[in-house]
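Dear colleague,

Please find the structure below. My notes on it follow.

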Amino acid sequence: MALKQPGVGIAITGCGSAAPTAFLDNQQLSQIVDTSDEWIATRTGIRQRRLAPPTQSLATLAAQAAQGAIAMAGLSPTDIDLILLATSTPDDLFGTACRVQAELGAARAVAFDLTAACSGFVFGLVTAAQFIHTGVYQNIVLIGADILSRWVDWSDRRTCVLFGDGAGAVVIQANGRDRLLGFELRSDGTQNHYLNLNYQPDPKHLTDDLEIGQGTFQPITMNGQEVYRFAARRVPEVIEKALFRANLSIEDVDWLLLHQANQRILDAVADRLNIPPEKVISNLAKYGNTSAASIPLALDEEVRQGKVQVGDTIVTSGFGAGLTWGAAVFQWGR
Ligand code: COA
């Protein structure tokens, strides 16, 4: 905060999204694992999920979302100073943001990945804001993109019903008035084991007395009940903290935009905070949990349908593996 330049605030001036065209509905899923449309819909609210074909790169999906956001903001790719790609499913462990930069033709932009699982978008929003608040950058593209279908255990009915693929992006610009009104970010690594996409090393001898581990990442494992408990308890807390920092109360909130994990979590959080259902943004029936993409994907749909209007106050919260969770309060537009 001490470094914040007087008069340099942020505004979110554009959004975009992209999703694979192929989808799998609950009925089709019940032919893969022992489940039913009724079980999935009542326990999660999810009806279908988009799935990326083998030829789809994360970079291309992310770049498509970013193009929409850059166009809405009235900018061209060469105006962009920084590209932040929030993802847990990169094309390349060295980073995928530079591939996105190349696809966009954003030649001036520095680009890097940010990993915070389903909190990636909120953590990225706050990170981007710091670069603008300090006066370093003016135009930032923040993308949340994930292809979790590549890391789901398609024989585990407790997890495979939840996840889908997609990308969402926003353009964040320097602005006279700061539209980021408050935030709170949290992590708790002691609960890391509740949700993982772990690397498993295979021991390999290089010489008689020198061993290294060369393995692969293993499919997602999750303790659903613990993750549910964590989200229902911790998300309202950070939202209240972010609103306190913004000097706002629940009545000032126009939209509750949560990470789209599960309709029951959305309902429980809204209920706890006394936010009426008509203010709760939800599109998870169509996409499932798209991890870092879910918040900007839902935002983009609401903005393009004309529901979210310039000046609306949105409280958003991401939560998930890490464990990580966070909330931010912002006003849409300049
Ligand atoms: N279809 C049918 N039955 C299923 C099933 C499926 N897809 N998945 C689990 N079940 C069964 C279980 O085997 C269990 O059966 P049993 O009682 O005979 O053992 C029963 O349903 C209840 O399982 P349980 O795990 O207690 O269900 P739940 O009510 O906790 O719902 C989740 C499971 C995953 C939907 C829920 O825990 C949840 O949403 N957690 C949060 C997950 C999340 O959002 N993760 C991402 C965070 S970013």
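Of the 22 residues around the ligand, which come nearest? They are Thr 35, Arg 43, Arg 157, Gln 225 and Asn 262, where a residue counts as near if one of its heavy atoms lies within 4 Å of the molecule. Please note that this is a predicted model, in which local features need pLDDT of at least 70, side-chain atom pairs count only at pLDDT 80 or more, and totals for chains, interfaces and linings use all residues. Residues are numbered from 1 along each chain as its sequence is written, and side-chain values use heavy atoms, leaving out hydrogens and water.

An N or O atom in the side chain of Thr 35 is 2.7 Å from a nitrogen atom of the ligand. A polar backbone atom of Gly 224 is 2.9 Å from a ligand nitrogen atom. An oxygen atom of the ligand lies 2.6 Å from a polar side-chain atom of Asn 262.

Turning to the backbone, most residues other than glycine have a negative phi, and most peptide bonds are trans. Ala 117, however, has a positive phi, near 50°. This residue, Ala 117, is in the loop between strand 5 (110-114) and helix 5 (120-133); helices (H or I, at least four residues) and strands (E, at least two) are DSSP runs, numbered from the N terminus. Gly 322 and Leu 323 are joined by a cis peptide bond, with omega about -10°. Leu 323 belongs to the loop between strand 16 (313-320) and strand 17 (324-331).

Yours sincerely

How values were computed:
Polar contact = N/O pair within 3.5 Å; in protein donor to acceptor, adjacent residues only side chain to side chain.
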